[in-house]
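Here are my notes on the model, as numbered points. Please read them with the structure open.

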Amino acid sequence: MTPIPKGTDVNTPILIAGAGPIGLILAYTLAHRYSIPCTIIDRYAGPTKWPKMDLTNSRTMEILHMVDPTLVEELRREGVDGKWRFDVLFATGLGEEGECLAKWDLDSADEWRERIGRENDGRWTREPWLRIQQSILERVLRGRCQRHPLITFLAPVNVDYTVCHPATQEKGSYCTTTLSSANGVSTITSIYVIASDGAGSTLRATSTRIRSRRLPPAPPVSLVHFRSHDPTMLKYGRFWHIFLTHRGICIAQDESDTYTVHLFHPPPNVDETEDIGFLPAEEVVRRVLKADVKIDEILVRSVWKPNFAVADHYSEYNIFLLGDAAHQWAPLGGYGFNTGVGDAFDLAWKLAYTIRCHAGPMLLESYETERLQVARMCLERSWRHMEVHLKAWEMADRGEREGVGAWYTAERGENEDLGVEYGCRYRDSPVISYTAQGETREERAEVEDEWAWTPEAVRPSTRPGCRAPHVFKKDGKTSVLDELGTGFTLVTFTSEETTDLARSASARGFDVSILSLEDEPHVRGIWGNDIKLIRPDGYVAWSGPTVPSVSECEKIWDRVLGWTEDERVDRDAERSRWGDEVVKASELDNGFN
């Protein structure tokens, strides 16, 4: 990782602006899973020192397992040991007069893994969740990206501006991005630019098309990250989070000696004119915990403000928003980072197929269609979780301690709304074929009415637009998801010939994996008897009772790859020179080419 050489222009298919965890995951997925070269830049020379996110949910761990199982293994070694539970407490303080009012009993990662194997009913993910600080996560991801031969890592670098150039007869559309560093100003030419540069995104701010949908702002928050061995910290036993009734939160970061407290302002009985930025770190800790805890070391002190906003568009020309540049909300429920990982996994395969000239224009356009509906759902749920705490704090202000305990006992969804985390279905996507061969739209609509989504639970389904359920095969060790290819996979439960769909894909220049599960009755019972076409991101692209005809195969591929018939016929004539250059630049053969 070095600054940009003075006066040097770098050409790359994809420029990723921002090396936070989401940008890093996109870069690693493109390079490791799809053999697509990319360049990632960041204004900071090293990973963050801030704890920030501390929950990598089960769907994110499932995604990372699909990208690279060794990455999951490394993260579990670096994160909190899987034996520790995720219990959440609600208390009046840690001092002598403190009282624990309620508790959410949440399984450890080890307990979750045991349940996944024991129940094996399609409701759970391939991997359990993980507690890991963002500072550790970034260090691991940066190391992998810096070592990867297809990733160019440039830092510290600032993005000044990007200009998008329309397609001409000589070449396709592209972008030029002007960067500044200690060595001066340089320009990078790329096909696409990914704005993964955070909530204050420079690239988003320059857009004339992208605006945000916002909810009312939350109060500012003081944060202190510190170390302490004081036994007062474990007054109620081990915990993951403690929510304090006087507008405070305490997070146990490592089950050892590292904690983070958040104090929401203005707290009761405090002058609202007080400059919270000048509150000593020790005073913030005391106000949150209501106890004089001995602090060994202050690691970080800051003030932040929860924002609740979602961009109304995710792209402009060849620029795409990713992560906090696209959506922001309070960390309640852990939706921010984890939604961003889903964005990156979705965008990665669509970029790969588009750059290799296998896809039509609607494929990249579908990134907004599919992921924006998820972000809007998470925005509403995150605000709902915020309202739960705001109401509890108001009740505590009125002295209603018993009511606070009962309220929290009834409102447990913050870390248990699995339907939000991985149970949603992509609706009205232009690249999902919702109707099977011979089925009328009226018949399909009647079937669709039978499928209902709830935020609290996951209903396993292989209907088009749903995430393909994890189910262990008869050996009890191999997940169906483990056997999906890096590209499209045709999953069958019969001995019926399926070569037409694969042959039509081969004629378009890419291969389709065939997964036969004819001798897996348990999997069939959950997945159903239909033939399924699974996308590279693990979502169902098409489902039918029989193998489609040759003409129907062409229609399916046109749909799921974003082509209209006319565009597909002309695609070779419009082929960009970039497609061939990307193939030549790839040094890794992972079966995707």
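1. Contacts across the sequence. Take contacts in the protein chain between residues at least 6 apart in sequence: 74% of them join residues at least 24 apart. Keep in mind that this is a predicted model.

2. Make-up of the chain. The protein chain has 17 helices and 24 strands. It counts 593 residues, and 59% of these are buried.

3. Aromatic pairs. The structure holds 26 aromatic pairs. One of them joins Tyr353 and Phe488. Their ring centres are 5.6 Å apart, and the planes stand at 90 degrees. That is an edge-to-face pair, since planes over 60 degrees apart count as such. Which parts of the chain does the pair of Tyr353 and Phe488 tie together? Tyr353 belongs to helix H8 (residues 335-355). Phe488 sits in the loop between helix H12 (441-448) and strand S21 (489-492). The pair therefore ties together parts that are 135 residues apart in sequence. Tyr353 and Phe488 are both buried.

4. The cut-off for a pair is 6.5 Å between centres. Phe510 lies in the loop between helix H13 (499-507) and strand S22 (513-516). Phe488 and Phe510 are 22 residues apart, and their pair links distant parts of the chain. Both of these residues, Phe488 and Phe510, are buried.

5. Ring cluster with an arginine. Ring pairs link Phe86, Trp112, Trp124, Trp129 and Trp240 into a cluster. Which arginine lies over the face of Trp112? It is Arg115, at 5.0 Å from the ring centre. The charged end of Arg115 also sits over the ring of Trp124, 4.1 Å from its centre.

6. Helix packing. Helix H9 (residues 361-397) and helix H10 (residues 401-410) have axes that come within 8 Å. The axes cross at roughly 165 degrees. This makes H9 roughly antiparallel to H10, because angles over 145 degrees count that way. The crossing of H9 and H10 is right-handed. On the H9 side, the contact is made by Arg384, Val388, His389, Lys391, Ala392, Trp393, Met395 and Ala396. H10 contributes Gly403, Val404, Trp407 and Tyr408.

7. A cis peptide bond. The bond from Ala155 to Pro156 is cis, with omega near -5 degrees. Where is Pro156? It is in the loop between strand S7 (151-154) and strand S8 (158-165).

8. Positive phi at Glu255. Phi of Glu255 is near 55 degrees, a positive value in a residue other than glycine. Glu255 is placed in the loop between strand S14 (248-252) and strand S15 (258-264). Is Glu255 buried or exposed? Its relative accessible area is 12%, so Glu255 is buried; the cut-off is under 20%.

9. Positive phi at Cys357. Phi of Cys357 is near 65 degrees, again a positive value in a residue other than glycine. Cys357 is found in the loop between H8 and H9. Its relative accessibility is 16%, so Cys357 counts as buried.

Definitions and conventions
Residues numbered from 1 in each chain as written. Predicted model: local features only at pLDDT ≥ 70, side-chain atom pairs only at ≥ 80, totals over all residues. Heavy atoms only, no water. Phe/Tyr/Trp six-rings, centres within 6.5 Å; stacked < 30°, edge-to-face > 60°. Helix = DSSP H or I, 4+ residues; strand = E, 2+ residues; numbered from the N terminus. Buried < 20%, exposed > 50% of the residue type's maximum accessible area, 1.4 Å probe, protein only. Lys NZ or Arg CZ within 6 Å of the ring centre and 35° of its normal. Axes fitted to C-alpha atoms, helices over the stretch in contact; angles between N-to-C directions. Parallel < 35°, antiparallel > 145°, perpendicular 65-115°, else oblique. Left-handed = near helix turned anticlockwise from the far one by under 90°. Contact = heavy atoms within 4.5 Å.
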